[in-house]
Amino acid sequence: MSSTLFINAKVWQPDGSFTESFGVNNGHFDFSGTDTEANSLLKNYTEITDLKGKLVLPGLIDGHLHLVNGALMMKRLDCSKINSVGELKDSIRQYLKNNKVSWVVGGNLDLNRVFAGHSKQDGNVIDEIFSELPLYITNYDYHSAICNSKALVSAGINYEADNFPKDEVEISATGDLTGFISESVMNVVYNAIPPASLEEKVNAVTDCIAMLNKYGITSVSDITLPEDIDVYIELWKRDKLKLRINSYIPFTEFENLQSYRDKTSLISKDHYTISGFKAFWDGALGSETALFSQNYKGSSSNGLKTDIVRSGRIYELAKQIDSAGMQMIIHAIGDKAVNEVIELYASLPNTKILRHRVEHAQHIQPDDYKKFGNNGILASVQPIHLKYDARTVFEKLRSKLIPNTHNYVHIIPFGGMLNFGTDFPIVDADPFENIRLAVTRITGDGEFTPEHKIPLHECLKAYTVNNAYSNHNEDAVGSISKGKVADFIIMNDDMIEMDEQNIGNAEVHKTYISGVEVYSMI
């Protein structure tokens, strides 16, 4: 492998400074400093690359995504730009012209917008949109969905069945299923969909990794299902795993940890690690299943706790996972859910050492700000969700709760740490739009709670060194420093100097993993 000295660059450093040059040798950084220092090292390198002042960042780390599911969703019906029932009908029709499928499966539909004001009618209202094949389309938050009668029948769901909670389906006045479902019922329907083959998954994930590399993403925290592991093994065998994956498998798989470690032992630990365990405490805002301290507007419900929480099993498993020295990441969106997860972590002896995380932390009670830093709890957040939440909070929440929406910047003064991710495919994996929303708080509906803006430098830390720390990888990745692996990106645009509102348009010129180019825009 050749050794390369990169000079005349603008190299961002986590302390807020910029260096000018760096060297890559044997897949690692072996120098980082000034051009003057670099001039004395020219003889140590076989290649010299003049970057002509371009901004260089460490490889970006997406702190929360669903890689296999997201890859498959890229091949399915994307409803993110649909605003009406008529547009939905047209999109389904066009999709079927281009795809031969036995089910119509889609995602990213804004149910609140498309079906605003819908009434509970007789029969399945989704059948009126499409009834020829089973249809299943998720809301943008993946905590509610629509499905037609054929999909419900295929899943064995009818109102008399006992295979689902009755509060997770919408029932008309005459006792019919309307086609609107949520939470665990979604899993019942999803499991009835004919599964993709291993080859289909491998091809889809290969394309998805290429997309992530284009965004400058070199590592991810992946919410991994047990069956996803076979995909990563196959990608490794084919030399197509152009990404570092930190897997978080379900809490309920804790007892099977060693078997998964044995199964993945052939993959280099530099590219794949089972980093910890994931659980859900509550649901999501748009589906009114996130758990809040007050009831939803016009409702007698404040959200729900998941089965694993209601049963108390999460407490038992949390103690076992903490005692085993493994990290936990728990989904909590509503302010009450966030508070309860913090209290759980604070009760465990190894939280600071293991760096347990609250996933999403979208609504934090101000009294809880200091508890993150005090207990060494990390906030794994996705500002890009503001695209929906900045509007949805006014539809769903009482006025007292609205100011606490995506307010996680305020944990930083108390020693708290933010990790940035996207939750792809719930939203796009674009890190620059994610950062733009964090910095500006400007959505399609205008500026929202600007007091919660996050400075650009903190955003870059949240995408690099903070995420590396979150994955216990801070000695290997996250900054352009001597001794770390050479994961870095050369930007086509200097987002440091860009107007903040244009940061979302920033593009990557080249992406490198271990000093090897994995993407070039040329």
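My entries below go through a helix, some strands and sheets, and then the aromatic rings.

**Before starting.** I'm working from a predicted model, so everything here is computed from that.

**Helix H17.** I checked which residues of H17, running 456–463, are buried: Leu 456, Cys 459, Leu 460, Ala 462 and Tyr 463. I then asked how they sit around the axis. They span an arc of only 160°, so they end up on the same side of H17. The background for this is that an α-helix has 3.6 residues a turn, so residues three or four places apart point the same way. Next I looked up what these buried residues pack against. The list has strands S2 (10–12), S7 (55–58), S8 (60–65) and S21 (417–420), plus helices H16 (431–440) and H18 (465–470).

**Strand S8.** S8 came up as a packing partner of H17, and I went there next. I found 6 of its 6 residues buried. S8 pairs with S15 (residues 217–223) in the parallel sense, over 4 bridges. Leu 60 stands opposite Ile 217 in S15.

**Strand S12.** Which way do the side chains of S12 (residues 144–147) point? Ser 144 and Ile 146 go one way, Ala 145 and Cys 147 go the other, and all are buried.

S11 (residues 135–139) runs antiparallel to S12 and is joined to it by 3 bridges; Tyr 136 has Cys 147 as its bridge partner. The S11–S12 hairpin has 4 residues between the strands, and Tyr 142 there takes a positive phi near 60°. S12 also pairs antiparallel with S14 (residues 177–182), again over 3 bridges. In that pairing, Ile 146 is bridged to Phe 180.

**The six-stranded sheet.** I traced an open sheet of 6 strands, ordered S3-S2-S7-S24-S25-S26, with mixed pairing. S3 (18–19) and S26 (516–520) stand at the edges with a single partner strand each, so one side of each has no neighbour in the sheet. Inside this sheet I looked at S24 (residues 488–491) and S25 (residues 508–513), which pair antiparallel over 4 bridges. Ile 489 has Thr 511 of S25 as its bridge partner.

**Aromatic pairs.** How many aromatic pairs does a search of the whole structure find? I got 16. One of them is Phe 22 with Phe 488, edge-to-face at 5.0 Å centre to centre and 75° between the planes. Phe 22 is in S4 (residues 21–25) and Phe 488 in S24, so the pair ties together parts 466 residues apart in sequence. Phe 22 is buried at 0% relative accessible area, and Phe 488 is buried at 0% as well.

I also looked at Trp 281 and Tyr 315, another edge-to-face pair, at 5.8 Å and 85°. Trp 281 is in the loop between S17 (272–280) and H10 (307–310), while Tyr 315 is in H11 (residues 313–323), 34 residues apart. Buried or partly exposed? Trp 281 counts as buried at 0% relative accessibility, whereas Tyr 315 counts as partly exposed at 37%.

**Cluster and charges.** Phe 6, Phe 22, Phe 29, Phe 488 and Tyr 512 form one aromatic cluster. Last, I looked for charges over rings. The charged end of Lys 10 sits over the ring of Phe 18, 5.2 Å from its centre. The charged end of Arg 355 sits over the ring of Tyr 469, 3.6 Å from its centre.

Technical notes. Residues numbered from 1 in each chain as written. Predicted model: local features only at pLDDT ≥ 70, side-chain atom pairs only at ≥ 80, totals over all residues. Heavy atoms only, no water. Buried < 20%, exposed > 50% of the residue type's maximum accessible area, 1.4 Å probe, protein only. Helix = DSSP H or I, 4+ residues; strand = E, 2+ residues; numbered from the N terminus. Arc of directions from axis to C-beta. Contact = heavy atoms within 4.5 Å. Pairing = 2+ DSSP bridges. Phe/Tyr/Trp six-rings, centres within 6.5 Å; stacked < 30°, edge-to-face > 60°. Lys NZ or Arg CZ within 6 Å of the ring centre and 35° of its normal.
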